[in-house]
Every structure is written in C-alpha cells, then in structure tokens.
Amino acid sequence: MQSFINYSHKHTQIDQNILNSNILECKQRLQCKYSEPDELALRLKLLEELTQFDLGQFLLINRGLNGYWTDYAINYPREQIDELHELEQCLLRSKPFYATYERQQIFKKINQTKVENGAHLAAIPCGLMSELLDLDFSQVNELQITGIDLDNDSLLLSQRKYAALNLTPKISYLKQDAFSLTINNHFDLISSNGLTIYLTEDKDVLQLFTKLYEALKIGGVLVTSFLTYPPLFPELSEQTAGEYNDDDHVARVVFGEILEVSWSCFRTTEQISGLLKQAGFNDITIYGDSKYIFPTCVVRK
Ligand SMILES: C[S@@+](CC[C@H](N)C(=O)[O-])C[C@H]1O[C@@H](n2cnc3c(N)ncnc32)[C@H](O)[C@@H]1O
C-alpha cells in the first residue's frame, strides 16, 4: 500500500529536558527494583537503546502512542524495516504490535461494508483515520466522513492524508473530547479504536460507549476494540499467543517493566460485552486477531 504519511522520524518534537528527567526517573526505578546485576544490566541497556530512535523517545516521554505513532506502528513501510534501529524492529515485530496491525485489517473490512451512498461514517477518536480514509470509495458518489479527536497534530495529519488521497467523500473534523460529545442520532457507523485501552475504570469506558451510542442512528453500528489480558494473568487471559519468541520477551520487558506503558487496561470478552450491553448496544459479534490479543467488537444500536 502506498503511504501518504511521511514517516520521516522527524515528526515528533522531543522536549530534551522532559526526556532526560524521565530517563533518570526510569533508571532510578529500575535500580530499586532489580538487584540482580544481570537483570538490571539488561534493562539499563534496553533503556539506553530506547533513547536512540524517535519512537523510543516518544514512548519514554508519553508512555503511550498518539495518533501519528499508532498509525506508524500499523502502517510503517514493512519493506524498509531492516533500516530501523534493532530494538525498534523488535518492538514493531512483537505480538502486541502485530495484533494492532491485524486488528486494523479487521476494522477496515467491517467498515468497508458500511460504505454506501448517503452514509455518514465517523472515527472517534480518529487519529490519522486510516481506518476510514484507506477504504475503497470508488462505488459511491455521496458519503460523509467525520473525524473527532482531541489532538491537533492528529487532525492536521489526517487532513493532509485526506487531501493527498484525493477522496470523493465530504469530510469534517472536530476537535472535541469524546467523553463530552453531544451528538445525537447522527452516524451510520462509528469506528472507535484506541481509547478504551487507556481507561482503567469501567465507568469511563461505559461513559464513552454511552456517548457513542447516542451519536449513532437507530440501527447504526459501532466497531470498537479491547486488549485482552496477557498470559501473565493466567486466570483472565484468553490469548492464544503460544510460546513467546525473543522479540516478544524483549517487548514485554520494554513495555511492561521499563516504560510501564499506559495502554495496559486489559478486559475480558465478558467484561467488554457487559459494558457494551449496559450502554444499550445489541447484536454483539467479536472478531479476534490470530492470537486474540486485540479483538474487534461489532455492535448495533
Ligand atoms: C491510539 S490513537 C488511535 C487513533 C485511531 N483511531 C487509530 O486507530 O489509528 C488514540 C487517539 O485518541 C485521541 N484521544 C485521546 N483522548 C481523547 C479524548 N478524550 N477525546 C478524543 N480523542 C482522544 C488521541 O489524540 C489519539 O489520536
């Protein structure tokens, strides 16, 4: 697929002071936690390596991904992966990132079925909105798309992508907090990936689902996703990840122990289905990625 975003690695403005202070805090935390010299040395080496590429620096500052880096993790030019830092290659190839890629393919397949004349599709939060902008619109001549996000950079990059693709659908962007939406009975489809995985509290997930429910027309469809518990939680894990390879082990140490990433709000299928039902949704269908790490839920108002 042709990429319209320049993943130039010069995208992110890094605040060197914040980066240095986060590296120091991280070093101190690791030194307190790992007294065994080899364990500590490995983690300090990985920490040092993270500072050597832009994705690593962004993660050290934010402990999560914004719209740009989410899109990058899914759509980076795979044929050029050998040119990247070895640790970056390893993170991009790891199971969680691959599951993100598979999930987006599933989203696009489902979203494509709603590309019909007269339809109004939305992505909330939209990020760069590849989940809608990459669809095939050649068979429709009247369709509207709305992207809603809090982040200016994501909205600008998405606008740039839309312009470069020369798409026929009309588009509008709203800079708004998804939790305070006041849109009623408006959309035929809402594609919503990447927000619930940062929400620790079920009540916040419910609030988001309720807002999305209200914004859909009767019969409208919500496509959303959730992260399942990893094998580290044997009682709750539904993943079929099998043996972890070397990339997965390194990714687990980097994301879980060094960065303590904030996208670790796992839920079971039962839990997420319960929240969707509580918000009013019916007809729940779940589509798993190959390891059931990042399943997709399709539900109807
Ligand atoms: C992980 S990205 C996902 C973007 C896109 N759906 C995708 O799959 O590529 C999460 C996005 O949520 C946005 N975001 C975070 N909190 C938000 C809020 N309260 N309201 C709207 N957008 C929000 C961020 O700016 C970011 O673009």
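The structure is a predicted model, in which local features need pLDDT of at least 70 and side-chain atom pairs count only at pLDDT 80 or more, whereas totals for chains, interfaces and linings use all residues. Residues are numbered from 1 along each chain as its sequence is written, and side-chain values use heavy atoms, with hydrogens and water left out.

- Although G64 and S262 are 198 residues apart along the chain, their C-alpha atoms are separated by 5.7 Å.
- Leaving aside neighbours within four places in sequence, G64 is in contact (heavy atoms within 4.5 Å) with F58, L59, Y198, S262 and W263.

**The ligand and its surroundings**

- The ligand is surrounded by 18 residues, of which P125, E131, D149, A178 and N193 are the closest; a residue counts as near when one of its heavy atoms lies within 4 Å of the molecule.
- By class, this shell holds 7 nonpolar, 7 polar and 4 charged residues, where Ala, Val, Leu, Ile, Met, Phe, Trp, Tyr, Cys and Pro count as nonpolar, Asp, Glu, Lys and Arg as charged, and the others, Gly among them, as polar.
- Polar contacts, meaning pairs of N or O atoms within 3.5 Å, include one between an oxygen atom of the ligand and an N or O atom in the side chain of N193, at 2.7 Å.
- A nitrogen atom of the ligand lies 2.9 Å from a polar side-chain atom of D177, and a nitrogen atom of the ligand is 3.4 Å from a polar backbone atom of L150.
- Taken alone the ligand exposes 600 Å², and the protein buries 89% of that, with accessible areas coming from the Shrake-Rupley method with a 1.4 Å probe.

- Helix α10 (residues 246-258) has 13 residues and reaches 17 Å from its first C-alpha to its last, close to the 18 Å expected at 1.5 Å a residue, the expected span being 1.5 Å times one less than the number of residues.
- The buried residues of α10, among them D247, V254 and F255, pack against α1 (16-33), α2 (37-50), α3 (54-62), α5 (86-93) and α6 (95-112).
- Helix α5 is mostly covered, since 6 of its 8 residues are buried, and its buried residues pack against α2, α3, α4 (67-75), α6 and α10.

- A cis peptide bond, with omega about 0 degrees, joins I124 and P125, and P125 has its place in the loop between β1 (120-123) and α7 (130-133).
- M129, placed in the loop between β1 and α7, has a positive phi of about 65 degrees although it is not a glycine, and at 1% relative accessibility M129 counts as buried.
- N185, in the loop between β3 (170-175) and β4 (187-192), has a positive phi of about 45 degrees and counts as partly exposed at 45% relative accessibility.
- S158, found in helix α8 (residues 152-165), counts as buried at 0% relative accessibility, and its contacts beyond four places in sequence are G127, L128, M129, L133 and Y173.

Note on methods: Polar contact = N/O pair within 3.5 Å; in protein donor to acceptor, adjacent residues only side chain to side chain. Helix = DSSP H or I, 4+ residues; strand = E, 2+ residues; numbered from the N terminus. Buried < 20%, exposed > 50% of the residue type's maximum accessible area, 1.4 Å probe, protein only.
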